Amino acid sequence: MERSVSPESNPDAPFNVSNTLAPPRVNKAAGTTNVTFDGLLSDPLLLKEDLKNGCGGQLWPAGMTLARYLLAQHASDMSGKTMSVSPVEIGAGGGLVGLGVARGCEFASPIHITDQLPMFDLMQDNIQLNQLGTKVKASILDWGEPLPAHIPANPDIIIAADCVYFEPAFPLLLSTLQDLIGPNTVCYFCYKRRRRADLRFMKMAKKAFDMQEIRDDPNATTYNRENIFLYSIRRKTPKSNNELATK
Ligand SMILES: C[S@@+](CC[C@H](N)C(=O)[O-])C[C@H]1O[C@@H](n2cnc3c(N)ncnc32)[C@H](O)[C@@H]1O
């Protein structure tokens, strides 16, 4: 299938950056939302949203995009026996993506959804609301801090949605990705580009990791228009270094 060039790989892309400061502060009332990811879940997810403890208390478009992609394209390969180590989600907010894939996939071991302390109760509430306590564990993982002992250092899968928005946190996020990404890890990473600083993060990340824009999502053209981009991130290998050197 022929695909148009995404704005992310377009050299003019920096001119598309929106001026919106992000994530925007919204006075959204607390409540519970019912989510099926466009029918990908037959048993809907109930998500409590509450912004009183931080921006992670609501659902973000990059999270919706990533959950839809993972459920549509990777539910079977993420499920089951081949995965030796529990998946880890970072910057999970209320747990939108991790809970969504936990509902739609059969992991061999529970997925860890992680965020900072202020999000902990919301993650726990959402796990309970969906009776996913055997499949999902909530933990505190502050970027840039040593990984908690129970979080696997090199999981097969890492999930990160809408984690690029606060410039002082960029080096911390990179450091946590360095700690987590092992030789067999793939990190599914979805971000919404809101300002020029976000491109600086991507530049640093491309230096540190093998980052590939994901091309097998038929919905990409739609979300690319909203400056949402999906990447896989892997540890650099001698092969990926050589390929880069010849580019
Ligand atoms: C925009 S929200 C995205 C939430 C969720 N992933 C989604 O897509 O709906 C970004 C999340 O990153 C978390 N975060 C920001 N800085 C962090 C840090 N230094 N360590 C851990 N998490 C952090 C925030 O608490 C917040 O929940």
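# Tour of a predicted model

Select Asp 162 to begin: at 7% relative accessibility, Asp 162 counts as buried, because buried means under 20% relative accessible area. This is a predicted model, so keep that in mind at each stop.

**Stop 1: Asp 162.** Stay on this residue and read its backbone angles. Phi of Asp 162 is positive, about 55°, although the residue is not a glycine. Most residues other than glycine have a negative phi. Now widen the selection to the neighbouring elements. Asp 162 sits in the loop between strand 6 (157-161) and helix 5 (170-180).

**Stop 2: Phe 37.** Where does Phe 37 lie? Select strand 1 (31-35) and strand 2 (45-49); Phe 37 is in the loop between them. Is Phe 37 buried or exposed? Phe 37 is buried, with a relative accessible area of 2%.

Stop 3: Select the ligand, then the residues around it.

**Stop 4: polar atoms at the ligand.**

- Gly 91: a polar backbone atom is 2.8 Å from a nitrogen atom of the ligand.
- Trp 143: a backbone N or O atom lies 3.0 Å from a ligand nitrogen atom.
- Gly 93: a polar backbone atom is 3.5 Å from an oxygen atom of the ligand.

How much of the ligand does the protein bury? Taken alone, the ligand exposes 600 Å², and the protein buries 94% of that. Hide the ligand and look at the space it takes. That space is the largest pocket.

**Stop 5: the whole chain.** Zoom out and colour by secondary structure. The protein chain has eight helices and nine strands. Next, colour by burial. Buried residues make up 49% of the 247 residues in the chain; Phe 37 and Asp 162 are among the buried ones. The protein chain exposes about 12100 Å², and carbon and sulfur atoms supply 52% of it.

Last, draw the contacts. Take those between residues at least 6 apart in sequence: 76% of them join residues at least 24 apart.

Methods
Residues numbered from 1 in each chain as written. Predicted model: local features only at pLDDT ≥ 70, side-chain atom pairs only at ≥ 80, totals over all residues. Heavy atoms only, no water. Helix = DSSP H or I, 4+ residues; strand = E, 2+ residues; numbered from the N terminus. Buried < 20%, exposed > 50% of the residue type's maximum accessible area, 1.4 Å probe, protein only. Contact = heavy atoms within 4.5 Å. Areas by Shrake-Rupley, 256 points an atom, 1.4 Å probe, with all protein chains shown as cover. Polar contact = N/O pair within 3.5 Å; in protein donor to acceptor, adjacent residues only side chain to side chain. 1 Å grid on protein atoms, 1.4 Å probe; cavity = no way out; pocket = protein on both sides within 12 Å on 5 of 7 lines; lining within 4 Å. Sits in = over half its atoms within 2 Å of the grid points.
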